[in-house]
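Please find below a note for a student who is new to reading protein models.

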Amino acid sequence: MPKPVIWTVDDDPDVLLAVERDLRRQYGDRYKVISADSGESALEAVKQLKLRNETVALFLVDQKMPRMSGVEFLEKAIEFYPDAKRALLTAYADTDSAIRAINSVQINHYLMKPWDPPEERLFGVVDDLLDDWQASYHPVFEGVRVIGHRWSPQANDIRDFLGRNFVPHQWLNIETDEVAKQLFSSTGAAVTALPMVVFSDGSFLASPPIAAMASKLGLKTKAELPFYDLVVVGAGPAGLAASVYGAADGLKTLLIEREAPGGQAGRSSRIENYLGFPTGLSGADLARRAVAQARRFGVEILAPQEVSGVRIEGPSKMITLADGTQVGCRALLIASGIAFRKLEVPGLEKLNGAGVYYYAPMSEAFSHRDGDIYIVGGANSAGQAAMYFSKFARQVTMLVRGNSLSDSMSQYLENQIAATKNIAVKFKSRVVAVEGSGRCETITIQNTETKAEECVPASALLIYAGAIPRTDWLAGLVERDAQGYLISGQHLMREGRRPAGWTADRDPFYLETSVPGIFVAGDVRHRSAKGVTSGVGEGAMAVKLVHEYLGLL
Ligand SMILES: Cc1cc2nc3c(=O)[nH]c(=O)nc-3n(C[C@H](O)[C@H](O)[C@H](O)COP(=O)(O)OP(=O)(O)OC[C@H]3O[C@@H](n4cnc5c(N)ncnc54)[C@H](O)[C@@H]3O)c2cc1C
């Protein structure tokens with residue numbers, strides 16, 4: 001296969017020569033470096049490259065060019081290569097236009113000229129961008145292939161599972177893809193075997209349950225040791241942070257995740273309010289980086305694996321996993337977050353996964369190119385989805401129960417939505433019916449004030465209707481509030497008295513639950529701030545408190 005391309009464009013011949021030379025020296029063994037001295041000539045060459053079915057990994061483009069600016073070039077080039085990473089080369093005076101471009105063409109980075117020495121000021125950024133690109137780049141003939149019907153909920157679950165567990169895979173639609181038809185017929189299986197997962201060694205599984213796929217893919221679901229210093233339940237931002245800091249501090253740490261690392265954040269198309277990432281980053285990238293960091297520090301990660309119970313034996317906590325096995329620990333951290341709330345609407349459940357999605361995977365966007373998409377919810381997650389899907393859909397309509405977005409959404413996102421032509425917001429609205437044969441085709445919207453109803457064509461309904469904690473497995477052991485959030489620290493104290501059954505000779509630590517040595521962090525905590533940053537912060541703080549607890553034993 002041809003090497004992926006790094007494309008650099010600059011109208012200054014000296015700069016172009018220098019950047020081309022630096023890139024070739026550093027990346028020439030793995031990437032083909034192509035240069036052009038104007039946006040127009042580069043664009044012609046981009047079209048040719050596309051016809052030859054070659055891939056672009058990165059565009060590194062000068063912003064200030066006379067006839068076509070870097071941003072204008074990128075706007076056109078990404079129509080051909082939407083997945084390529086984009087960086088602008090700017091002079092100090094042009095940084096404002098580069099920052100504005102972050103939103104219009106989703107610039108991943110801007111670099112200041114000059115970039116000498118390149119080892120310090122160029123290669124670090126380019127390495128990072130290429131790593132991110134590689135993580136979501138699926139070479140055509142390698143990895144796992146999923147064959148199925150476009151609107152099959154099971155096929156959708158399989159793709160979601162593979163994507164969120166960072167398993168490179170290719171989706172093949174049996175209805176439209178000749179390769180899919182050929183591949184499927186070569187297995188000799190009956191149509192009822194769909195969806196089918198074909199592995200790189202040529203073996204395949206028909207309609208596989210997630211556990212069967214996990215085992216075939218060699219994902220780790222069994223603990224190596226019987227006992228750990230720290231067990232963390234949930235690999236969202238809070239659990240990942242706690243595991244990284246726990247293991248970095250020398251605690252033998254086990255992290256257990258029911259679905260896939262990343263938690264809710266793993267479904268975010270673009271987190272813009274996380275410190276240190278001025279151009280934002282996707283939840284998948286954040287999760288992938290955190291998992292790599294955790295592994296580097298020696299965290300053992302089980303996924304997919306669910307914690308179903310816990311009991312106390314003296315100073316130890318004994319955890320039961322969904323497969324019936326047990327593992328013990330000195331300290332336990334619950335970072336199990338919150339799970340989406342289901343909508344009770346006639347017709348909706350039957351089409352779940354077939355045009356109707358709770359917290360839709362980003363990969364769905366491609367299937368709804370030029371479609372009419374409706375989004376339920378008015379919080380940041382709904383806003384991000386609207387922004388992301390608007391790049392593909394003809395029209396996106398947000399259905400919001402209240403009469404403004406400001407109560408529930410960050411200002412920057414509200415501004416972006418207001419400035420996006422193909423996003424409309426309908427206030428005082430709710431969905432009361434979903435219909436379609438085999439896939440979502442129409443929805444009925446009710447005005448909550450007048451009760452007037454309208455039935456509209458909808459290619460997809462994406463639901464971001466809030467979330468609730470799922471902590472039933474802790475009932476009777478750990479104190480929870482009326483919604484199921486875990487209570488910790490000072491919130492456990494009633495008129496200066498410690499919680500019932502409390503055995504330690506001290507008050508509970510800030511993130512400690514009603515059981516000494518069981519801690520809580522992130523969205524599942526009663527009165528937590530909610531969000532990626534506070535989850536990460538609490539995860540880190542919990543480790544500090546775990547040390548204090550272990551020091552007192
Ligand atoms: C689409 C979307 C966009 C968002 N965008 C932003 C944003 O831009 N900025 C921001 O600050 N916040 C954002 N949020 C919110 C943010 O993602 C959450 O606040 C954050 O992920 C909470 O982290 P957490 O670790 O506490 O829990 P979670 O992220 O909910 O992770 C908990 C994990 O625990 C696992 N788990 C649960 N029970 C068990 C069990 N019994 N056994 C094993 N594992 C279990 C779950 O599968 C899950 O992976 C967004 C949320 C969504 C859904």
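1. Basis of the note. This is a predicted model, in which local features need pLDDT of at least 70 and side-chain atom pairs count only at pLDDT 80 or more, while totals for chains, interfaces and linings use all residues. Residues are numbered from 1 along each chain as its sequence is written, and side-chain values use heavy atoms, with hydrogens and water left out.

2. Side chains of opposite charge can pair when their charged atoms come close. The structure holds 36 salt bridges (a side-chain nitrogen of Lys or Arg within 4 Å of a carboxyl oxygen of Asp or Glu). One of them joins Glu20 to Arg24, with the closest N and O atoms 2.9 Å apart. Both residues lie in helix H1, four residues apart, about one turn of the helix. Helices (H or I, at least four residues) and strands (E, at least two) are DSSP runs, numbered from the N terminus. Glu20 is buried at 14% relative accessible area, whereas Arg24 is partly exposed at 43% (buried means under 20%, exposed over 50%, partly exposed in between, with a 1.4 Å probe and protein chains only).

3. Asp62 and Lys113 meet through their side chains at 3.0 Å, N to O. Asp62 belongs to strand S3 and Lys113 to the loop between strand S5 and helix H5, so the pair ties together parts 51 residues apart in sequence. Asp62 is buried, with 3% relative accessibility, and Lys113 is partly exposed, with 27%.

4. Asp132 and Arg288 form a salt bridge, their closest N and O atoms being 2.6 Å apart. This pair links helix H6, which holds Asp132, to helix H11, which holds Arg288, across 156 residues.

5. Aromatic pairs. Rings of Phe, Tyr and Trp (its six-membered ring) pair if their centres lie within 6.5 Å; planes under 30 degrees apart count as stacked, over 60 as edge-to-face and the rest as tilted. By this rule there are twelve aromatic pairs. Trp7 and Phe59 form a tilted pair, 6.3 Å centre to centre with 40° between the planes. The pair links strand S1, with Trp7, to strand S3, with Phe59, 52 residues apart. Trp7 and Phe59 are buried. Trp133 and Tyr137, in contrast, are stacked, at 4.2 Å and 20°.
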